[in-house]
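Here are my notes on this one, point by point. Keep the viewer open while you read.

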Amino acid sequence: VPITCINVPDDINVKFFPSSVKVSFLIGSSKHNSVTADDFKIQFDYNELKKMHQSLVTLRIISSPDHVQSLAMNPSEAEFIFEKE
């Protein structure tokens, strides 16, 4: 699942390391084929990141299917940098 950022100014690029994470979860076997990586969202707001005093963030899933349980990510943290274009 890719890590994304919203509200980023046009002249700034936010890069995450790693840029994506592996998400594992429990789900009933009848719905196994209906879940894809696109069903999950890991997202940060640029305005919150620029206020931080460190470059390491704890990842959190902000959107996932209702029928999945026991979500886990690997890794659970990522570093970020800002690049000015």
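1. Let's start with a facing pair. Valine 57 sits opposite alanine 78 in β7. β5 and β7 run antiparallel and are joined by three bridges; two strands pair if DSSP finds at least two bridges between them. On strand names: helices (H or I, at least four residues) and strands (E, at least two) are DSSP runs, numbered from the N terminus.

2. Before going further, a word on the source. This is a predicted model, where local features need pLDDT of at least 70 and side-chain atom pairs count only at pLDDT 80 or more, while totals for chains, interfaces and linings use all residues. Residues are numbered from 1 along each chain as its sequence is written, and side-chain values use heavy atoms, with hydrogens and water left out.

3. What is the order of the strands in the open sheet? It has three strands, in the order β2-β7-β5, with antiparallel pairing. β2 and β5 are the edge strands, each pairing on one side only. On average, neighbouring strands of this sheet are turned by 35° against each other, direction ignored. For that angle, axes are lines fitted to C-alpha atoms, for helices over the stretch in contact, and angles run from 0 to 180 degrees between N-to-C directions.

4. Now the other pairing in that sheet. β2 and β7 pair in the antiparallel sense over six bridges, and valine 14 stands opposite phenylalanine 82 in β7. In a regular strand the side chains alternate between the two faces of the sheet. In β2, Ile12, Val14 and Phe16 make up the covered face, whereas Asn13, Lys15 and Phe17 are on the uncovered one.

5. Which residues touch the most other members of the largest nonpolar core? They are Ile3, Phe16, Val21, Ile42, Phe44, Leu49 and Leu59, out of 19 residues. β2 (12-17), β4 (42-45), α1 (46-49) and β7 (77-84) each supply at least two residues of this core, and β2 gives the most, with three. A nonpolar core here is a set of buried Ala, Val, Leu, Ile, Met, Phe, Trp, Tyr and Cys residues joined through side-chain atoms within 4.5 Å. Buried means under 20% relative accessible area, exposed over 50%, and partly exposed in between (1.4 Å probe, protein chains only).

6. Phenylalanine 16 deserves a click. Not counting residues up to four places away in sequence, phenylalanine 16 touches Ile3, Thr4, Cys5, Phe44, Leu49, Glu79 and Phe80; contact means heavy atoms within 4.5 Å. Phenylalanine 16 also belongs to one aromatic cluster with Phe44, Tyr46, Phe80 and Phe82.

7. On to the aromatic pairs: a search of the whole structure finds five. Rings of Phe, Tyr and Trp (its six-membered ring) pair if their centres lie within 6.5 Å; planes under 30 degrees apart count as stacked, over 60 as edge-to-face and the rest as tilted. The rings of phenylalanine 16 and phenylalanine 80 have centres 6.4 Å apart and planes at 50°, so this pair is tilted. Phenylalanine 16 lies in strand β2 and phenylalanine 80 in strand β7, so the pair ties together parts that are 64 residues apart in sequence. Both phenylalanine 16 and phenylalanine 80 are buried.

8. Next, another tilted pair. The ring centres of phenylalanine 25 and phenylalanine 40 are 5.2 Å apart and the planes are at 35°, so the pair counts as tilted. Phenylalanine 25 is in strand β3 (residues 22-26) and phenylalanine 40 in the loop between β3 and β4, 15 residues apart. Buried or partly exposed? Phenylalanine 25 counts as partly exposed because its relative accessibility is 28%, whereas phenylalanine 40, with a relative accessible area of 7%, is buried.

9. Leaving aside neighbours within four places in sequence, glutamine 43 is in contact with Thr4, Ile6, Arg60 and Ile62.

10. For contrast, look at aspartate 66, in the loop between β5 (56-58) and β6 (69-74). Aspartate 66 counts as exposed, because its relative accessibility is 80%.

11. Finally, the whole chain. The secondary structure comes to one helix and seven strands, following the pattern β-β-β-β-α-β-β-β along the sequence. Of the 85 residues, 25% count as buried.
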